[in-house]
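Student: I have a model open and would like to learn how to read it. Could you walk me through a few features?

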Amino acid sequence: MVLPFFFLLLIVTQAWSVRPQQLQQQSKNIFILAGQSNMAGRGGVVNNTITGIATWDGIVPPQCSPNPSILKLSANLTWVLAHESLDSDIDFNKINGVGPGMAFANYVLGKDPNFGIIGLVPCAVGGTKISLWEKGTFLYKQMMKRAQASVQNGGTIQALLWYQGESDTESQEDAKSYRAKLKKFFLDVRDDLQSPMLPIIQVALASGSGPYIEIVREAQMGIDLLNLRTIDAKDLPLEPDNLHLTTAAQVQLGKMFADTFLKFLPSGPINDPN
């Protein structure tokens, strides 16, 4: 059973029986979700063949339903109850649909009901090359600003979930330089968050907007860092544009993220040593 969007809004409204101030003060297990459009979520987004206008069908699978234990850091840096589409106020120049974030959080809580409050920090922006995420760029600074804001009232950043690279398949030069740029990005994130062993889960591409997909995939799978895991999206179903994951694929990807993250936790959530 899937939930039409207007029923989803009713659920979210009812969940607001929790006062907003309480959301800000709760300690959270925080996850940064960054990358480009397949992380932001285009599940259920289709282009009208006549008008060319993209719309989201508004269908939310039960695996992506709101949960009082799943929060999101909004664009204005306040915690709100999370719901699809998760990145609508971040990747605001595009039409967003279902992404992996809500499914990920629900799967984690399903596997470990005592995990605690999950705080999702969406940062993904569609159509962005790795060069736009380098340290010092606008996107990098925004991600760091959001990450730092997320821990102000209690919580620990548990992992970076990363899905990006489709735009780097367009140019052979970009594809060949991808590995070095991505590795430096991961190291810079850990350094700036003062978390040298921060778990990072990246996605090996399912698709690309250019012909050099395999070069980028090889680069992604060839990075060797401690606490870096790669999950492979190849063969997950795509929307008719052959670029973006379907809603069902995003649900599966969320589960893959969750299963991989939970392997980092032999005895419970990663605790802040401070």
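Predicted model: local features only at pLDDT ≥ 70, side-chain atom pairs only at ≥ 80, totals over all residues.

Student: How do the axes of α4 and α8 cross, and at roughly what angle?

Tutor: The general idea is that two packed helices are described by the angle between their axes and the distance between the axes. Here, the axes of α4 (residues 101–111) and α8 (residues 247–262) come within 7 Å and cross at roughly 50°. That angle makes α4 oblique to α8. The crossing of α4 and α8 is right-handed.

Student: Now the sheet. In what order do the strands come?

Tutor: Strands of a sheet pair through backbone hydrogen bonds, either parallel or antiparallel. In this model, seven strands make an open sheet with mixed pairing, and the order is β5-β4-β6-β1-β7-β8-β9. At the edges are β5 (79–81) and β9 (228–232), each of which pairs on one side only. On average, neighbouring strands of this sheet are turned by 25° against each other, direction ignored.

Student: Which strands does α4 touch when it packs on the sheet?

Tutor: Helix α4 touches β1, β4 (70–73), β6 (118–122) and β7, and its direction makes about 165° with that of β6. Helix α5 (residues 138–150) packs on the sheet too, touching β1, β4, β5, β6 and β7. The direction of α5 makes about 170° with that of β1.

Student: Is strand β7 buried or exposed?

Tutor: Eight of the eight residues of β7 (residues 156–163) are buried, so the strand is largely enclosed by the rest of the structure.

Student: In what sense does β7 pair with β1, and over how many bridges?

Tutor: Strand β1 (residues 29–35) and β7 pair in the parallel sense over seven bridges. To find one of them, look for Leu33, whose bridge partner in β7 is Leu161. With β8 (residues 200–204), β7 pairs in the parallel sense over three bridges. There, Trp162 stands opposite Gln202 in β8.

Student: What unit do β7, α6 and β8 make?

Tutor: Together, β7, helix α6 (residues 172–192) and β8 make a β-α-β unit, and this unit is right-handed.

Key
Residues numbered from 1 in each chain as written. Heavy atoms only, no water. Buried < 20%, exposed > 50% of the residue type's maximum accessible area, 1.4 Å probe, protein only. Helix = DSSP H or I, 4+ residues; strand = E, 2+ residues; numbered from the N terminus. Pairing = 2+ DSSP bridges. Right-handed = clockwise from strand over helix to strand, strands pointing away. Axes fitted to C-alpha atoms, helices over the stretch in contact; angles between N-to-C directions. Parallel < 35°, antiparallel > 145°, perpendicular 65-115°, else oblique. Left-handed = near helix turned anticlockwise from the far one by under 90°. Contact = heavy atoms within 4.5 Å.
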